[in-house]
Amino acid sequence: MLERYPELADQITACGGSINEQSVFTLTCHCGNEFSKSYAALMGKRTITMCNDCLKSFRYNNLHK
């Protein structure tokens with residue numbers, strides 16, 4: 001997990017060995033918004049880098065191209 005999300009090092013250390021699929025971590029989007037994602041979501045196939053609002057905007061803009 002640290003390889004994909006090095007910015008979560010402090011949060012992972014705070015959890016210690018008690019990380020499970022329901023564990024929630026806080027990420028920061030490039031727009032500055034903080035958003036939370038579960039461990040299960042973070043371990044998906046893609047690296048999560050955007051908050052929900054930026055993701056919606058990104059997808060909406062791609063529809064019009």
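In this predicted model, a search of the whole structure finds zero disulfides. The cut-off matters here, because a disulfide is a pair of cysteine sulfur atoms within 2.5 Å. For C29, the closest cysteine sulfur is that of C54, which at 3.6 Å is too far for a bond. C54 is likewise in no disulfide, and the nearest cysteine sulfur to its own belongs to C31, 3.5 Å away.

How buried are C29 and C54, in relative accessible area? The table gives the value for each.

| Residue | Relative accessible area | State |
|---|---|---|
| C29 | 4% | buried |
| C54 | 17% | buried |

C29 and C54 also belong to the largest nonpolar core, which has eleven residues, and the other members are Y5, L8, I12, F25, L27, F35, L42, M50 and C51. In soluble globular proteins, nonpolar side chains tend to be buried together. Leaving aside residues up to four places away in sequence, C51 touches C29, C31, N33 and F35, and of these C29 and F35 are listed in the core as well.

The largest pocket holds about 250 Å³ of space, and its lining is made up of K37, R46, T47, I48, T49, M50, N52, L55, F58 and R59. Sorted by class, the lining has four nonpolar, three polar and three charged residues. Helix α3, which covers residues 52-63, gives the most to this lining, with four residues.

Definitions and conventions. Residues are numbered from 1 along each chain as its sequence is written. This is a predicted model: local features need pLDDT of at least 70, side-chain atom pairs count only at pLDDT 80 or more; totals for chains, interfaces and linings use all residues. Side-chain values use heavy atoms; hydrogens and water are left out. A nonpolar core is a set of buried Ala, Val, Leu, Ile, Met, Phe, Trp, Tyr and Cys residues joined through side-chain atoms within 4.5 Å. Buried means under 20% relative accessible area, exposed over 50%, partly exposed in between (1.4 Å probe, protein chains only). Contact means heavy atoms within 4.5 Å. On a 1 Å grid over the protein atoms alone, a cavity is a set of points where a 1.4 Å probe fits but cannot get out, and a pocket is an open set with protein on both sides within 12 Å along at least five of seven lines; lining residues have an atom within 4 Å of a point. Grid points are joined across faces, edges and corners, and a volume is the space filled by probe spheres set on the points. Helices (H or I, at least four residues) and strands (E, at least two) are DSSP runs, numbered from the N terminus. Ala, Val, Leu, Ile, Met, Phe, Trp, Tyr, Cys and Pro count as nonpolar, Asp, Glu, Lys and Arg as charged, and the others, Gly among them, as polar.
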